[in-house]
Amino acid sequence: MIKNKTGKFISNVYLIAMLIFMYLPIIYMCVFSFNSSRSLTRWTGFSTQWYERLFSDYTIGEAVYYTVLVALLATIFSTIIGTITAIGLSKSRYVIREIITNINDLPMMNPDIVTAIGMMLLFASLGLEKGFMTMLIAHITFCTPYVILNVMPKLRGLDPNIAEAAMDLGATPFQALIQVIVPQIAPGIMSGALIAFTMSIDDFVISYFVTGNGVKNISILVYSMSKRLNPTINALSTIMVSIVTIVLVLINVVPVINAKMKNKKISEEGNY
Amino acid sequence: MRELIQFRNIVKEFDGQLVLKGINLDICENEFVTLLGPSGCGKTTLLRILGGFIEQTEGEVYFDGIEISNVPPYKREINTVFQRYALFPHMNVFDNIAFGLNIKKENKDVIKQKVTKMLKLVGLEGYENRAVTQMSGGQQQRVAIARALVNEPMVLLLDEPLGALDLKLRKEMQVELKKIQKEVGITFIYVTHDQEEALTMSDKIVVLNEGEIQQIGSATDIYNEPENEFVAKFIGESNIIDGIMLDDYRVVFFDKEFECVDYGFHDNEPVDIVIRPEDIDIVDVEKGMIKGTVKSILFKGVHYEIMVETEHEDLKVHTTDVSEVGKEVGLSFFPEDIHVMSKMAAY
Ligand SMILES: Nc1ncnc2c1ncn2[C@@H]1O[C@H](COP(=O)(O)OP(=O)(O)OP(=O)(O)O)[C@@H](O)[C@H]1O
Ligand SMILES: [Mg+2]
């Protein structure tokens, strides 16, 4: 009994220590983004001046613009490419499917720096000018595996006769895909897209190596600013953390709400 | 009647395994054709070739006189009720049934009207908004039937469509399907491994085994004149006895000569004799053509199934008369109850 209690106490302390360790720096940063002075260590009073500066600063505005634009485009393209690839794989022979899924897992486990340098060398050897396009291509490339990983399990659970049934009823293969297959794997596509979005938004290493011509995303900008102490970094980071948090909450909450709504609808219909 | 579908020498191979071994079959307009055969004999495979979902290894399929092997499924005037329903789980009952009409961009009012009519036909009124995943197997099966029928195809393929229903509903749906087929006047190709279902519903029965057609004929043909041992065993119950055909109308089995109605065999040709259990009468020992002892009696509801041990082989008899185990009895039958089949070359 006593042993159990102390055990529980220790595990609670451990958990709290872990959370503090992980979140304290972030909370600290958020708090100091509202500091009224330039100091990063001494609290002098509340103000939103760093946020005002942030929004009036042209380079920061531009970085935010690139970050969001790249993230949106990369999400859209990687979701489409990833979904189509997953569907194709689910129809192909076992050996081919196994080989491709393993190849697909590789970039996710690779250190970012390896991918980054690989991409940089590839773009250089192709003679592509580094800038917005190279960054976008790189982001699409590293986001796609996450989409495939999320869509594959949904396809595995699909009734193989369903596409045939749709075509039997007069649907072209494309109509069958859009009206029958996609709605059923939509949850997988959704979570794949959200993960792709967060991966793109907070990427630093790969972006840093493949961009050029003054095109910077937020991470690169923060990195270049961190050499000169300036609380606008805190403000910017706070905003990024907020966005990522919101997206992550959505990833976890949306399926729950969906399931609830479905249940409610069914119980309402149960009336007759 | 006009021939609508023609299978010409259809061969299908899966990974080197021959599943269909040269199927030749003609199906007429407005005909109710049943493919009957044991599990794994290639029934679904033949339907899938006609539906356009797989391609035959060899042979041709003609639809209305035109070779259709290269026509994609969505351009064929054929609809299918799949063996495992294949309903769209993200749609409710109404949208499932309306799918084909929506694809054809029919008017919304027309769609509503047709779907409502179909729901009534399959006895699912009021279920429009139900999620298909929340329905029983039998209800799902009826949605699948409605979803195919609503498109008014020229040919409807049904792959064991009543498999999940209980006996009562199954009988009702059999009558209902037959009525629909007569009313709408479309060709039904119906797959089942239930011989009773095949016998009650079909204009034409095609008995399949191991990818080969064993016999094509009407229900009475197949039941009364089975062409070989497989058909005789598969359709109904039967006693199959080795015999020798002396010449026309005279056959020998159980070391005795019997009069029969079959002819056209070689003299002294070895044959298989089929006698249906319900065609054998139990009589007094001295009146019997064959003598035996009652070995066992099983009550089957409408009749008793009695096994009679004779000098040669045991014979199965179906009768409503009571008997008792161990009793000496005589067995008797009429010449027309003896069906003679030549020994199959295929065996
Ligand atoms: N896609 C496939 N790949 C390999 N073999 C297959 C495939 N489809 C069917 N077969 C094989 O072909 C044979 C016939 O299958 P089919 O589904 O036509 O049988 P069936 O007569 O419909 O049986 P059941 O009454 O059990 O539905 C089986 O031995 C099956 O294993
Ligand atoms: Mg089958």
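Reader: What makes S33(A) a residue in contact with N234(A)?

Author: A contact needs heavy atoms within 4.5 Å. S33(A) meets that with N234(A), and also with S47(A), W50(A), Y51(A), A235(A) and T238(A), once neighbours within four places in sequence are set aside. As for its place, S33(A) sits in the loop between α1 (2-32) and α2 (49-56) of chain A. Please keep in mind that this is a predicted model.

Reader: Why is S33(A) called buried?

Author: Its relative accessibility is 0%.

Reader: How do you know how confident the predictor is about chain A?

Author: The average pLDDT of chain A is 83, and 94% of the residues score at least 70. Within chain A, the lowest confidence falls in helix α11 (residues 232-269), with a mean of 77, and the highest in helix α7 (residues 161-168), at 91. Chain B averages 89, with 99% of the residues at 70 or above. For the complex, the predictor gives an ipTM of 0.79 and a pTM of 0.76.

Reader: Let's turn to the metal. What makes T44(B) and Q83(B) the residues that coordinate the magnesium ion (ligand 2)?

Author: Donors must be N, O or S atoms within 2.8 Å of this metal. OG1 of T44(B) and OE1 of Q83(B) lie at 1.8 to 2.5 Å, and they coordinate the magnesium ion. The two come from distant parts of the chain: T44(B) is in helix α1 (residues 43-51) of chain B, while Q83(B) is in the loop between β6 (78-81) and α2 (93-103), 39 residues apart. Water is not among the atoms, so a site may look incomplete.

Reader: Are those two buried, partly exposed or exposed, and what makes them so?

Author: T44(B) has 27% relative accessibility, and Q83(B) has 32%.

Reader: Why is L47(B) called buried?

Author: L47(B) has a relative accessible area of 5%. The cut-off is under 20%, so L47(B) is buried. L47(B) lies in helix α1 of chain B. Not counting residues up to four places away in sequence, L47(B) touches L35(B), L157(B), L158(B), D159(B), I189(B) and V191(B). A98(B) is 51 residues from L47(B) in sequence and 23 Å from it in space, C-alpha to C-alpha.

Reader: E31(B) carries a charge in the count, I think. How do you know whether E31(B) is buried or exposed?

Author: Its relative accessible area is 7%. That falls under the 20% cut-off, so E31(B) is buried. E31(B) is placed in the loop between β2 (17-28) and β3 (32-36) of chain B. Beyond its neighbours within four places, E31(B) is in contact with Q181(B), I186(B), T187(B), F188(B), D203(B) and K204(B).

Reader: What makes D15(B) and E210(B) exposed?

Author: Exposed means over 50%. D15(B) has 82%, so it is exposed, and E210(B), at 54%, is exposed as well. D15(B) is in the loop between β1 (3-14) and β2 of chain B, and E210(B) is in the loop between β9 (204-209) and β10 (212-217). Phi of D15(B) is near 45 degrees, a positive value in a residue other than glycine. E210(B) also has a positive phi, near 45 degrees.

Reader: To finish, what share of chain B is buried?

Author: Of the 347 residues in chain B, 51% are buried. Chain B holds 8 helices and 20 strands. Among contacts with a separation of 6 or more, 64% join residues 24 or more positions apart.

Definitions and conventions: Residues are numbered from 1 along each chain as its sequence is written. Chains are lettered from A and ligands numbered from 1 in the order in which they are written. This is a predicted model: local features need pLDDT of at least 70, side-chain atom pairs count only at pLDDT 80 or more; totals for chains, interfaces and linings use all residues. Side-chain values use heavy atoms; hydrogens and water are left out. pLDDT is the predictor's confidence in each residue, from 0 to 100. Donors are N, O and S atoms within 2.8 Å of the metal (3.2 Å for Na, K and Ca); water is not among the atoms, so sites may look incomplete. Helices (H or I, at least four residues) and strands (E, at least two) are DSSP runs, numbered from the N terminus. Buried means under 20% relative accessible area, exposed over 50%, partly exposed in between (1.4 Å probe, protein chains only).
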